[in-house]
Amino acid sequence: MSTGLYAGLMSGTSLDGVDGVLVDFSANAPRIVASTHQPFDDRLRADLLALSCPGDDELGRSARLGNELARRYAAVVGALLERAAARRQDVVAIGCHGQTVRHRPDQGYTLQIGNAALLAELTSLRVVADFRSRDVAAGGQGAPLVPAFHAAMFACRDEQRAVLNLGGIANLSLLARDGGVTGFDCGPGNCLMDIWAARHLGLPFDRDGAWAGGGQVIPELLKQLLGEPYFSAPAPKSTGRELFHDGWLNRQLPPGVVPRDVQATLTELTARSVAAALAGFEAQRLIVCGGGVHNTFLMRRLEALLAPAPVEPSDRHGIDPQDVEAAAFAWLAMQAVDGQPANLPAVTGAQGPRVLGAIYPA
Ligand SMILES: Nc1ncnc2c1ncn2[C@@H]1O[C@H](COP(=O)(O)OP(=O)(O)O)[C@@H](O)[C@H]1O
Ligand SMILES: [Mg+2]
C-alpha cells in the first residue's frame, strides 16, 4: 500500500469554496494532520454558477475557469503543507474532486473542471482527478463516491448507522450492522435554502437557520415540493443543480408567499426528504457532515424527525464535519495510486468495481 500523506480537495455544489485536508494514512486509523477552507469570491462563484447552465463560449470559459481553479487548489495545498510543516516529498498524491459543472449520468457523462495538469505543474505533486467518469462509463451514477470512505470511518458492528452529508446536495450512506453499504443522493441539502437566502437576505446562506427558524412551514407548498418524483425514485440515483435550481423552486411557488415562511418550508423539505429516505433502514444513529451541520435549526428538525435515534455531527466520531468529504477524496486518491477499485456498484449501479480517477504524475 502506498501509505503516507495525501491531500484531499473538495469544492462542492454549494460553490462556497475549497475544503482541503492533509491526511496521514500510515497509521491504523486515518489522521487529519491539517485542514483549511478557502472561500470563493463572489465573482468566481457567479462565473461557476453561470457555467453550470448552457451558454455562450462554454468551452473557453470552462478552460479558463479550470485554470483559475487549479491555481486556487494549488494555494490550498501550499497552505496545508505549511500548516502541517510537512515536506512536499512526503505527500504521495493530491486527490482533487474538481468543480462539477454538469452531471448527466443518464446521458453518459459527468464533468468536473479544474485543470489537473496545471495543478500537478504548480505543486510538483502527483494529482488524481476525474474520479466520477469511470463509474459513469461503467453504467453507474458516478455518485455518491463517499460511502466506501464513510464505511471505513464510521461503520460499527453493534449498530446500524447512517451518514448524511449536508452539502449543496444531500447524500446518505447506509452502513448496515452486517457490513453492507448502500447510499444515494437523497435530494437538496443546502442548495435551495442558499438560493432563497441569497435572493431575500443578500447572504450566501441562512446562518444557523435562524431566519428559517422564525418562519412557519407552508403545508401545501411542502406537500407540493415533496411530490417531486426524484424523492420516490429508487436508488441508484444522483442529482445536482440540473434538477434542484431556482427555476424548479420558482415554478412551484404560489403567489403572495412570505419569504421567511418559504425558508422554513425549504428547511423542512431537506429534513423530511432525508427522513423519508431513511424509512425502512432503521438507523440507530445518524452521523452528519458537510456545512449544513452548522444549520442548527435544520439539525433540530432532523433530530425531531428521527427520534429516538441520535443525530450527531461527525466530530463526535473523530472527524470534523467540514473535513469528511475532502478526506474521502484523499482516500480515493490512495485507492487510485494503489490500483484498487473504489466505487461501490451497490451504490452507484455500475456494472462492477472500477479503479477511479486519472493520474497526472508529479
Ligand atoms: N453557520 C451556518 N449556518 C447555516 N448553513 C451553513 C453554515 N455554515 C455553512 N453552511 C452551509 O453549508 C454550505 C457549504 O457546505 P459544504 O459541505 O461545503 O457543501 P458543498 O460540498 O456543496 O460545497 C453553505 O453553502 C451553507 O449552505
Ligand atoms: Mg463546499
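This is a predicted model: local features need pLDDT of at least 70, side-chain atom pairs count only at pLDDT 80 or more; totals for chains, interfaces and linings use all residues.
1. Conventions. Local features need pLDDT of at least 70, side-chain atom pairs count only at pLDDT 80 or more, and totals for chains, interfaces and linings use all residues. Residues are numbered from 1 along each chain as its sequence is written, chains are lettered from A and ligands numbered from 1 in written order, and side-chain values use heavy atoms, without hydrogens and water.

2. Contact and area. Domain 1 brings 20 residues to the contact and domain 2 brings 19 (contact: heavy atoms within 4.5 Å). About 1,400 Å² is buried between them, 62% of it from carbon and sulfur atoms. Buried area is the accessible area (1.4 Å probe) lost on putting two parts together, summed over both. On the domain 1 side, T13, W331 and V347 lose the most area, together 36% of what that side buries.

3. Polar terms. Six residue pairs are in polar contact, both residues at pLDDT 80 or more. A polar contact is a pair of N or O atoms within 3.5 Å; within protein, one must be able to donate a hydrogen and the other to accept it, and residues adjacent in sequence count only if both atoms are side-chain atoms.

4. Elements. Helix 1 (42–51), strand 5 (99–104) and helix 14 (345–348) each supply at least two residues of the domain 1 side. Strand 5 gives the most, with four residues. Helices (H or I, at least four residues) and strands (E, at least two) are DSSP runs, numbered from the N terminus.
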